[in-house]
Amino acid sequence: MHTLHFISHTHWDREWHEPFQIFRIRLAQTINKALEILATDPDYKYFMLDGQTIVLEDYAEIAPERMNELSEYIEQGRVLVGPWYVLPDEFLVSGEAIIRNLQRGIRIANSFGKSMMIGYIPDPFGHISQMPQILAGFGISVAMFRRGLADEPTELWWVGADGTRVLTTYLRDGYDNAAWLVHEPERFSEGVQRLVNSLAPHAVTENLLMMHGTDHMQPWDNLPKLMRLAEEKISDVRIIHSNLPEYAQAVENYLMQDGMEKLMLVKGELRNPKRHHLLPGVTSTRMWIKQRNARAQNLLEQWAEPLAAIAMNLSSVTLSETKGLDSTARDSSPMAQNDRVVRDLRPELRLAWKYLLQNHPHDSICGCSVDQVHDEMAPRFDAVEQIGGDVVKHALTPIVGAIDTQAPSVPSVPILVFNPAPGPRSDAATVQVDLPGALESYELIDANGVRLPVIELGRHLDEIFKVSATADDLRWMFGAAQSGQVDGYILREFAFRPEGERVHLDITVSNQGEANATLLDAGLAQLAEYIANPEIKKFDVRMHSTIKVDLTFFAREVPAYGYKTFWLRAASAPTPLLAEEGKVVVFENEFFRVEPNPSDGTLTITDKLSGAVF
């Protein structure tokens, strides 16, 4: 006798052939109907929300008054949610993103009651070979999916790249095999019989999944009645309203008695399109999405989070070193002045990950939805970059503050090159530097004082304002300048040029670093003298940024998860483009000869096969 497990569910594409907000209205209608059926029909036992928890967030925004009711059903196990936050495409997102997806999904599901701990992955376009070990890492021992296999049986072992295996149900007739049944009792029963005939020859156990749901489908309030009538008409079957955990337990109980080790093993990437198409073209559809996603993942995984961890660790050391001081002493301590105490950056990182994961559903990241859907992805990527960039900036400040950036010789501008990779790295580094007036001509040196080749890509300064002012205007304008700032800018240098009854005042400011106390005091004292002089009637004030120089140089052997410090100092002689004056370095293999010109940095390239010279 076969046991037919009817699973009431909806497959929810958050955004696809309609934009998100249109689908969300339908989502609210679907959940509202499910709640009404659950409240009025005890025979309608379960409803599954597609293994995702983002639907809970989306529903909460549109129907907050019903969240307590929904939470009660989740706690009771009648509404099943999780373990995913969204159903991603596994090939187009990083492994870390898949882990964060599950982590967030399980956390949200548990906050509403409990998570369904089944690796339900119904619709992604194939599966990566590491998915079994990722699921097992979360304590998930059972998987269920639709795409990627051919004529394999419905129960099998899915073996990960490291040998981890999970008990898997192959949805060979789809996650919607029972969705196309009709309401008329006789035809409903005939349809159920056809489903049994299709699945039974491929089933290892007596348990068959009847997936009663499909894309954006609402629940049927007459389903229990139709199930009872079908059970009466079809011989040798038992029909129950079930859920995936109950089905998985029934399969496991059966196999424990007869044949767990006899199951077929499948291993590696699951990319067979025989029964369910894989849409391979989506790998390169709307390439800008893939590029922005890669940059966003790299920002969070390789920069924001590692640097935040280092900065917060430095901060905890700082707090332990200063916890014996009273608040006044703490605020005046060198460490407090160096801004080494860091706020908890985890809330910002969690928010950035939330926005990034919202771009990872398979119909979103794959670029196979209507234009409006993908237009709405861009602001989410923007949010990730804004939050992640700010975390990096905030984390770097205490890290740099903890590093000795004193030059090995004369006063210089330090340049720190960070390597977030797990191994040493030599690569070109590009940086924008605020160049003090004293370094109009400069050279680059390393920690040993060795001069390095450097290329200047360009320089510019920003005019902030030019104004003609009175002494009273300047008193108001620079009243708070003792802090070292004016209008949010750091005061760098003052230059005065008296001309009769007028004084031309040139002020250099920056949007980074700290004011030089000596130069600031001297400049403000000189300004006070001019303001107090009754013979001075007008001040022509020009405020501008420091000269900003874009530089590229080659940083060698920057250690793993580490940094190297370089310095710009006043030039003793012109800096060569090549490592040694007058030496021409030639790069050559069996195909090309590349010869740099030391005077202008151009390259002469000879194609050795054709003789062509470029």
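Helices (H or I, at least four residues) and strands (E, at least two) are DSSP runs numbered from the N terminus, and two strands pair if DSSP finds at least two bridges between them. The views show a predicted model, in which local features need pLDDT of at least 70 and side-chain atom pairs count only at pLDDT 80 or more, while totals for chains, interfaces and linings use all residues. Residues are numbered from 1 along each chain as its sequence is written, and side-chain values use heavy atoms, with hydrogens and water left out.

**The protein chain as a setting for the close-ups.** The protein chain holds 17 helices and 25 strands, and its C-alpha atoms fill a box of roughly 110 × 70 × 50 Å along the principal axes. Of its 614 residues, 48% are buried (under 20% relative accessible area with a 1.4 Å probe, protein chains only; exposed is over 50%, and partly exposed lies in between).

**Strand S11 alongside strand S22.** Strand S11 (residues 413-419) is largely enclosed by the rest of the structure, because 6 of its 7 residues are buried. S11 runs antiparallel to S22, to which 7 bridges join it, and Phe418 stands opposite Tyr563 in S22. Strand S22 spans residues 562-570 and also contains Arg569, which is buried with a relative accessible area of 16%. The side chain of Arg569 reaches that of Glu443 through a polar contact of 2.6 Å (a pair of N or O atoms within 3.5 Å, one able to donate a hydrogen and the other to accept it).

**The open sheet S23-S24-S25.** This open sheet has 3 strands in the order S23-S24-S25, with antiparallel pairing. Strand S23 (587-588) and strand S25 (603-607) stand at the edges with a single partner strand each, so one side of each is left without a neighbour in the sheet. S23 is joined by 2 bridges to the antiparallel strand S24 (residues 592-596), where Val594 is the bridge partner of Phe587.

A cavity is a set of points on a 1 Å grid where a 1.4 Å probe fits but cannot get out, and lining residues have an atom within 4 Å of a point. Strand S7 (165-170) and strand S8 (207-212) each supply at least two lining residues, and S8 gives the largest share, with 4 residues.

**The second largest cavity.** About 40 Å³ of space lies in the second largest cavity, whose lining residues include Trp12, Arg14, Gln52, Leu87, Pro361 and His362.

Asp236, in the loop between helix H7 (223-233) and strand S9 (237-242), has a positive phi of about 65° although it is not a glycine. Leu279, likewise not a glycine, has a positive phi of about 50°; this residue is placed in the loop between strand S10 (265-267) and helix H9 (287-322) and is partly exposed, with a relative accessible area of 28%.

Notes. On a 1 Å grid over the protein atoms alone, a cavity is a set of points where a 1.4 Å probe fits but cannot get out, and a pocket is an open set with protein on both sides within 12 Å along at least five of seven lines; lining residues have an atom within 4 Å of a point. Grid points are joined across faces, edges and corners, and a volume is the space filled by probe spheres set on the points.
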